[in-house]
Amino acid sequence: MEDFRADWGSRACRLVPGFVRPFLRKLAFAMMSSIVRSLGSVLISSLASFSFAQESDPSGPAEFGPAELGPLEFGAREAEHLLNRAGFGAAPEEIAHAVEVGLEGSIEALFSPDSQALPRFVSERVYIDGKDLKVHLAREGIPPEEATEGQLRRKWDELTLIDRHQLSGYTRLWIDRMVRGEDPLRDRMALFWHGHFATSMKRVQNSHDLIRQQQMLRDGAFGPFEALVLGVAKSPAMLEYLGNRANRREHPNENFARELMELFTLSPGNYTELDVREAARAMTGYTIVEGEFAFLKELHDSETKQVLGVEDDLDGLELIKLILAQEACPRFIAAELLRWFEGVDAEVDRVEAYAAILRASAFDFEPFLRSLFVDPHFYSEAVVGQRVAGPFDYAVGSVRRFGVDLPASAIETAGRVMGMRLFYPETVKGWEDGMEWMTTSTVVARANFAGVLSGQLPVIEFVRSARAPLHASGSMMSMGAGSSGGADEDEVESALLEAWVCTYGEDLTPSDEVSTEELLGRLLAVEPTPAERAALEAWSAAERESFSGSAQEWAGRLAHRVLLLPSAHLH
Amino acid sequence: MGVLHLDRRQFLAGSVGSFTSVALAGCSGDAEPVRVPAAAATERGGGPGPCLVLIQLTGGNDGHNTLVPYTNPIYHDSRPRLAYAESQVQPINERLAFSPQLLRLPGAADLGNLGAIEGVGYPDIDRSHFRSTDIWQTARRAGRTGPGWIGRLMEARHGGRTLPERVIHVGPDLPYSLKSDVHRPLAFCSEDQYQFHGGVEGDLIAAGRDGSHAPGSTRALLAELAAQAAASTESVRRALEGYEPRVPYPPNEMGGQLRACAALIEAGVGAEVLSLEQKGYDTHVLQQDTHPRLLLELDSALSSFLRDIGGRPNARRVLVVAFSEFGRRLAENASVGTDHGSPGPVLIAGPAAQPGLHGREAVLEELDEAGDPLFTTDFRAVYGTIARDLFGVDPEGVVGGRYQGLEFIRPLPA
């Protein structure tokens, strides 16, 4: 990927160290004093040899190398934190590697991933409307004029199923990428945008449009923001989801215009109800024709509108440019991104400082992220290990730390029962975060997923119970849930054993205290509390007496318990 | 269409009123116990406990096509394609009727206990789904801070005496209404999903619950939640697996959820609030493809539930309340749908419900600048009435003010 856009600054700025230099340079023009305040003393002191007077001179030489970052320690704690938050967790070996290459090397790796080896998912339009059903039937030799109601129904059911499978295919490929960690930061950002510009299969009913939108968000994950907002405004999935496809001059439909300002760009309090109604007029005529975006002038209201204090005959593009130029926009997006990566609401000063970075870079997210990843606050006690892991932090993170090869479908299911069904957000607001992930229901779901990971519960049983509707118990029992066996079970168990043997060798003994410590270190992203450690030891001491299985089996049971500890939900 | 700007105070004036006996006692500040209405007092004496079945109709239910002003020409003029004809609806009086989907199932109308509170809203309505939902769920303008209104209700009623199954949400997304750090809601989706597999007991999952985690810390909260799950999976499974409903439930999501509610009520697990959510009411486009289906699902599931629990001793104080974050615009839009509007009706049902119409008459002749009728009943008056007449607690602490009490809860027979 190209590091910086042409308008970002001279190439010379990108020499050593690539990320700090342009960041400081831009700041010289922007909110210098507030970023100085907000970035805290560590980074500041690290740059002490390099006065801020100098920074205000954009042409000044800046010959300071990576060593200048010295005071910002980058040990295992920081490395693991970076890999947790910028990616989806890391095994001890990956953490050790990150420490070895250092902070700068680790950041560079995030922005220039080793491999894009996984193939690009190519989706197809399965159908648009009833007309397509006839086209499909014609391929089976049924002439359109002879198609019966029953045949059309059957074809519709068939295509609906195919459509869902296509979406599942993309979802699993995405999960697979998270697990492999080939381009973790991009996938982390893609997940952010997935919730930020939420659209749901439930209403869109068209996997091709959802996949295309998500691919657009992933490709443009690092900005510029304007391209994303425009892309979403023109995305058939969003046009369908928020109904703008039916927004026309005579009776504007306010839905997209409202969410555009409330959720996508400004946040409440930064526009009025009148702005919503007037913006809706600017968005009239943006619709779908034959499954593709179209702007239909005859449906567009070209009269004067009054939006955000501007009086003009705005169209959709001009509206979006006007909105993005509001002070509130970079502030809102900066706050959202800081919360996404840090897990807590950032102080006003820091939001302002990061908003300034967005403004200065025309909403390019790379300088923003490079700044964040060297920001001492990002590595502070208030942030590290303090966030409740989201469903994919927990599921993918555990898989990565464990080194188990689990089918992506199981992780997809896990995400769903833990509260995050990809491509099916419950509302246009996307998902909540933090403690909001945790209910009695998701606690149980996580415990069961931990059972799958550690070989204590067959995948098939996990998936089956996760899909069980209310009052299905009778039939579930008769289907033999709980019985052992099944291909999935064997598959996971053997993968687990393999991973164990690889990590600990053949001679792991059940009484090996070190293995408990190692397990805690490997499986948890945070340090367990003494009480947790004591509880685990007590359990282990009581159970070991009566346990007669192999060392690996014992380790599996122990691993299951480790993943149940309250600390297992933090990262 | 005439659009009038009315002084909001005219409408607010009606909301400040009684709860006299309770509110005064609550304000007195001395150690005297709060006087509670007779009905609620009786319940505490060992009768059937109160149970609120709270249904959130998410997305903004179109109140005008739920409680239909079928004789009003303004309704018909505003909705050339969406208005129900007089011949389709089920009149309650000469002014209002239930939509064609409600009271549709055979026998449901005979139950006679479906009612509605008209024109429910709040001043300066926020037409954002999320903000308005927050306001309804917390009964606070500021939205998501502190407990939800059910949380406050339970704290007022039970103080610190908790029970894992006291507040239960059936479904995937826990509403903020139930939020409480004291009376934490139990949430589950299905009895099969709500089971620990792989030999997990309540052992390590709540490690450190003995107070070794810092109070209020994330770990402490996680341990509490885990302990609650470990303590309730069995009771939920037993209640649901052994339950034999007296009538079949429709095979839709809400049917399953209300059947689970009936099972939990019958099992006597101590649930006082059962919560569920029906999604999909955000009908901006081609409303007639979705709204009737949703109301039909609601009606069919609710009808079964009412017939199932009717006459069961444990269910004598069950009150069903269905609300939405706002109503929809009176005028239809170009997409044959409706945009976010202002007030809407709250539906009530169940053995503890007083059927018929409640609240002040909502009028279509006076609309606000967006083209919505003005609200006539503050939703906090609805909550306050539930607090006072169903749960026997001082409403003021629950809703944060005094509102005119309503009469939609049937007194418990002496």
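## Helix 21 and helix 23 of chain A

In this predicted model, A:Ala410, A:Thr413, A:Arg416 and A:Val417 of helix 21 of chain A meet A:Val459, A:Phe462, A:Val463 and A:Ala466 of helix 23 of chain A. Two residues are in contact if their C-beta atoms, placed from the backbone, lie within 7 Å. Helices (H or I, at least four residues) and strands (E, at least two) are DSSP runs, numbered from the N terminus. The residues of this contact divide into six nonpolar, one polar and one charged; Ala, Val, Leu, Ile, Met, Phe, Trp, Tyr, Cys and Pro count as nonpolar, Asp, Glu, Lys and Arg as charged, and the others, Gly among them, as polar.

The axes of helix 21 (residues 408-417) and helix 23 of chain A come within 10 Å and cross at roughly 35°. Such axes are lines fitted to C-alpha atoms, for helices over the stretch in contact, with angles from 0 to 180 degrees between N-to-C directions. The crossing of these two helices is left-handed, meaning that the near helix is turned anticlockwise from the far one by less than a right angle.

## Helix 12 of chain A

Helix 12 of chain A (residues 225-233) has as its buried residues A:Phe225, A:Leu228, A:Val229, A:Val232 and A:Ala233. A residue is buried if 20 or more other C-beta atoms lie within 10 Å of its own, all placed from the backbone. Seen down the axis of helix 12 of chain A, the buried residues fall within an arc of 135°, so they line one face of the helix. The arc is that of the directions from the helix axis to the C-beta atoms.

## Contact between chains A and B

Chain A contributes 54 residues to the contact and chain B contributes 56 residues. On the side of chain A that touches chain B, the elements giving two or more residues include helix 14 (255-265), helix 22 (440-453) and helix 27 (530-546) of chain A. Helix 22 of chain A gives the most, with eight residues. The residues on this side of chain A divide into 25 nonpolar, 19 polar and 10 charged.

## Chain B

Chain B has 12 helices and 12 strands. Of its 414 residues, 58% are buried.

## Confidence and numbering

The mean pLDDT (the predictor's confidence in each residue, from 0 to 100) of chain A is 82, and 79% of its residues reach 70 or more. Over residues 1-70 of chain A, pLDDT stays under 50. Where pLDDT is low, the predicted coordinates should not be read in detail.

Residues are numbered from 1 along each chain as its sequence is written, while chains are lettered from A and ligands numbered from 1 in the order in which they are written. Local features need pLDDT of at least 70 and side-chain atom pairs count only at pLDDT 80 or more, whereas totals for chains, interfaces and linings use all residues.

Definitions and conventions: Buried ≥ 20, exposed ≤ 12 C-beta atoms within 10 Å, placed from the backbone.
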